[in-house]
Amino acid sequence: MPAAPDTAPNPHIDISGRHFLALSAPVMISFLAQNLIGIVDTAFLSRLGEVALGGTAMASLVYFCIYTIGFGLASGSQIIIGHRYGAERKGEIGHILGQSTVLLVLIGLAISVLSWPFGKWLFGALLSSSEVAGAAIAYWNWRTIGFVFAFAASSVRSFFVGTADTKVLTYSSVVMSVVNILLDYGLIFGNLGLPELGVKGAAIASVFAEAAGMLFYVLYFRLRVDFRTYGITTREFLRWDIPLVKNLFDLSVYLMMQAFLSQSVWTVFFFFIESLGERELAIAAIIRSIYVLLFIPINSYGTAVRTTVSHIFGAERMDLLRAYLWRGVRLSLGTVLLIVLAVNLFPTPILSIFSDDTGLIMDAVPSLRVVTVALTVCSIGSVFFASVGSTGATKTVFLIELASIIFYLSYAAVMVYLFRAPVWLCFTVEIFYYLLVALLSIRYIYRVALRR
């Protein structure tokens, strides 16, 4: 079989390594800036003690678990936009964006209202430590306001990713990070003339940061996007289109469930760990913050894969898929191996960013080493997993996630409740989880997608 060319005749289907990096680099910077929010929260809140750190970590996990509903719907919108872009039907994109945005704003408003009493019940019922539960509830009561801004921003983000204009993600994330860092410093500790609010201050800072990011998206959209090219008019943006909404939900429902399951399993895992003690939960919270940071290259490469594979599928150029995916694997694995080497050589300085407790740092080192192994496995599987949904096989994405999560929870429950294993051993579940995701995704791509 002859090798696929680096670029397709369609100028938008470029599978070269240069284009891969051009798409993923702005996303990587945006993820880095965006994740500074969580990193700064962890670094600041660790100074308030293990209870504050553990409580906010639990509330944040539940917040992002619910956020995946909006993210999944926006991901479905991104796939449709990417297909239209690849098929040179750009004039239909504005209407798709409008339907997605209206739906997500309405859903975000409903969730913001309903989640306040839900959080109070959840944390009070499931957390064994009343002090940790109190910190989680204090954070949650303010943090839930951010759902509206986060959902709306995810819709606009789907437009920019689907049309391969990823630079704006960097700019918006930088705005969010600056606002969050300044307000965290002011509202958590009472600096900059602001009241000292502790964990509440961290939640308020995050909400304002999300609002600032959404405002930037709106301004950039108005000033830089060619409305005529993408068919963006007030009428098209707001016109209710039942068949399109149904198509969007049909495509997105499995992505929503997949994203929800993926985030939920982290949340359940942390509830498991919390039963081992406050020190164990603090270790897990720090490892999670570092883990998310180290995941940035993998996530950004996944975004590039979803964008390009959507264009390949829309242009009916599946002959390009194999060469593109393996090029992505080489870049992803190479990047992660460099990161893993650095982390294993200097674990203590990295952990010191998140805590000044020497005992806590030393206890967290083994867990950090374990997750670097998981990252290595994930760097391969994530490329194939991202491509599965971009072909439109969103049900397959959900089934892969479901099978992997059933294993994940079973393994984690045995480690925590049967063996009462140390935290680092509990984290080995990540290695086997990503291995299973990788094997199932590669199997689908080779047995189904490449035979089309």
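Trainee: Which residues of α15 are buried in this predicted model?

Mentor: T394, V397, F398, I400, E401, S404, I405, Y408, Y411, A412, M415 and V416 are buried in α15. Buried means under 20% relative accessible area.

Trainee: What do the buried residues of α15 pack against?

Mentor: They pack against α2 (50-86), α9 (242-274), α14 (358-390), α16 (423-426) and α17 (429-447).

Trainee: How do you know what span is expected of α15?

Mentor: Helix α15 covers residues 394-418, 25 residues in all. At 1.5 Å a residue, 36 Å is expected. The helix reaches 35 Å from its first C-alpha to its last, close to that value. Just after α15, R420 takes a positive phi of about 50°.

Trainee: How many aromatic pairs are there?

Mentor: The count comes to 38. Among them, F20 and Y324 form a pair.

Trainee: Why is the pair of F20 and Y324 called tilted?

Mentor: Their planes are 50° apart. Under 30 degrees counts as stacked and over 60 as edge-to-face, so the rest, this pair included, is tilted. The centres lie 5.6 Å apart, and the cut-off is 6.5 Å. F20 lies in α1 and Y324 in α12, so the pair ties together parts 304 residues apart in sequence.

Trainee: What makes F20 and Y324 buried?

Mentor: F20 has a relative accessible area of 2%, and Y324 has 1%. The limit is under 20%, so both are buried.

Trainee: Why is the pair of F159 and Y230 called edge-to-face?

Mentor: The angle between the planes is 85°. Over 60 counts as edge-to-face, so the name applies.

Technical notes
Residues numbered from 1 in each chain as written. Predicted model: local features only at pLDDT ≥ 70, side-chain atom pairs only at ≥ 80, totals over all residues. Heavy atoms only, no water. Helix = DSSP H or I, 4+ residues; strand = E, 2+ residues; numbered from the N terminus. Expected span 1.5 Å × (residues − 1). Buried < 20%, exposed > 50% of the residue type's maximum accessible area, 1.4 Å probe, protein only. Contact = heavy atoms within 4.5 Å. Phe/Tyr/Trp six-rings, centres within 6.5 Å; stacked < 30°, edge-to-face > 60°.
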